[in-house]
Amino acid sequence: MAYEKELQVGIEASLSAAKLCQAVRGNIPDRIEKQDRSPVTIADFGSQAIICRALAEAFPNDPVVGEEDATALRSSEMSEQLAQVTEYVKQEIPNVSTEDVTQWIDHGNGEPSQRFWTLDPIDGTKGFLRGDQYAIALALIEEGEVKVGILACPALSLDLAPPLNEEGLLFVAVRGEGTKVRSLKTDEFTAIRVASPDDEEHLRFVESVEVAHGDQSQQSAIAQQAGIKSPSLRMDSQAKYGAVASGAAALYLRLPSPKQPDYRENIWDHAAGVIVAEEAGGRASDMYGKPLDFSVGAKLFQNRGVVVSNGSLHEAVLAALNK
Ligand SMILES: Nc1ncnc2c1ncn2[C@@H]1O[C@H](COP(=O)(O)OS(=O)(=O)O)[C@@H](OP(=O)(O)O)[C@H]1O
Ligand SMILES: [Mg+2]
């Protein structure tokens with residue numbers, strides 16, 4: 001098995017971050033607004049601190065390109081939030097100081113390089129705040145290719161045998177070695193595959209809950225043209241990739257919103273999910289059929305929109321988009 005140490009460290013840190021998120025979520029925190037007006041919570045900061053600390057210890061030479069930075073947390077107006085983040089991190093790592101926490105968070109402000117990690121400490125923060133889906137998404141990228149993906153979805157369950165039908169799943173994929181899933185509560189993994197072409201029951205598509213993150217009317221039209229008759233399943237975060245990888249849905253569409261036609265996707269919003277779907281037999285591309293290019297920085301500058309499918313549906317979707 002390749003990337004054994006990366007997997008072990010990444011899984012352990014993601015499980016610990018998931019515990020922190022679940023603890024914070026029992027007591028829904030304040031929404032803090034970032035400069036771009038998107039929300040962040042103390043759980044986003046805590047999750048990034050825990051995962052970056054583990055990566056810094058195990059792989060000191062690997063940069064981490066993460067979503068959050070600690071600049072705002074260090075300001076005097078946010079001292080109360082910093083104290084709260086530190087208290088939650090202490091439940092996972094005893095004896096930490098506020099300085100440790102801000103330093104670990106800032107370890108996640110690295111630059112993409114030949115080998116690096118990308119981290120979304122809470123993907124779908126809006127879903128997290130609403131009490132819906134969210135994910136902790138960690139991926140290792142080498143030479144522009146995603147090699148390892150670890151995707152924790154603490155609020156997701158699948159229509160599979162117990163315990164996978166209970167809330168809290170962890171998807172793991174290594175390039176060339178398939179995708180597997182386990183419950184957050186037990187450590188037994190099960191291999192998963194995308195929906196087969198003749199699986200009528202799961203011939204449906206997933207899309208974002210947030211209308212600003214895609215073009216929902218175009219997404220419905222394209223899905224219909226590709227032969228999907230049922231309405232979409234709306235789901236926050238990269239949990240959507242888990243749905244496609246496990247065969248719960250056959251397609252994930254994310255077409256640029258007409259309000260932000262030039263939006264470029266962040267690598268941390270897709271890297272872990274893409275390998276989870278691909279290694280389960282699926283296919284991911286942009287809306288023109290171009291593979292997602294993780295070699296050009298912190299955003300997918302060379303791509304527009306995202307299409308993820310069970311593979312067999314892909315050409316029909318691209319043909320509909322091409323029209
Ligand atoms: N305009 C636009 N278009 C596409 N994507 C955008 C846009 N604006 C924001 N974002 C990113 O969307 C991430 C949330 O993913 P989802 O849309 O799948 O989930 S959700 O329905 O919004 O909860 C969200 O990630 P998080 O900030 O980690 O939640 C953003 O990075
Ligand atoms: Mg995100």
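## Ground rules

Two strands count as paired when DSSP finds at least two bridges between them. Helices (H or I, at least four residues) and strands (E, at least two) are DSSP runs, numbered from the N terminus.

This is a predicted model, in which local features need pLDDT of at least 70 and side-chain atom pairs count only at pLDDT 80 or more, while totals for chains, interfaces and linings use all residues. Residues are numbered from 1 along each chain as its sequence is written, and chains are lettered from A and ligands numbered from 1 in the order in which they are written.

One of the pairs is Leu 151 with its bridge partner in β7, Phe 171.

How is β6 placed relative to the rest of the structure? Seven of its nine residues are buried, so β6 is largely enclosed by the rest of the structure. (Buried means 20 or more other C-beta atoms within 10 Å of a residue's own, exposed means 12 or fewer, and partly exposed is in between, with C-beta atoms placed from the backbone.)

The β5–β6 hairpin has two residues between its strands, and Glu 143 takes a positive phi near 50° there. Glu 143 is not a glycine, and it is exposed, with 9 other C-beta atoms within 10 Å. The loop between β6 and β7 holds Pro 163, which is joined to Pro 162 by a cis peptide bond with omega of about 5°.

The protein chain splits into domain 1 (4–191) and domain 2 (204–322), with bounds that come from an automatic or database domain assignment. Their centres, taken over C-alpha atoms, are 22 Å apart.

## Around ligand 1

Ligand 1 has 20 residues around it, the closest being Ser 208, Val 209, Glu 210, His 213 and Asp 236; a residue is near if its C-beta atom, placed from the backbone, lies within 6 Å. Domain 1 and domain 2 each put at least three residues into this shell.

β4 (115–123) and α5 (125–130) each supply at least two shell residues, and α5 gives the most, with three. By class, the shell has three nonpolar, ten polar and seven charged residues.

## A loop and a buried helix

Now for the loop between α3 (79–92) and α4 (98–107), where Val 96 is placed. Asn 95 is found in that loop too. Asn 95 has a positive phi of about 60° without being a glycine, and it is exposed, with 6 other C-beta atoms within 10 Å.

Val 96 is partly exposed, with 18 other C-beta atoms within 10 Å. Leaving aside neighbours within four places in sequence, Val 96 is in contact with Thr 86, Val 89, Lys 90 and Val 101. The C-alpha atoms of Val 96 and Thr 86 are 7.1 Å apart.

As for helix α8 (residues 271–278), it is mostly covered: eight of its eight residues are buried.

Definitions and conventions
Ala, Val, Leu, Ile, Met, Phe, Trp, Tyr, Cys and Pro count as nonpolar, Asp, Glu, Lys and Arg as charged, and the others, Gly among them, as polar. Two residues are in contact if their C-beta atoms, placed from the backbone, lie within 7 Å.
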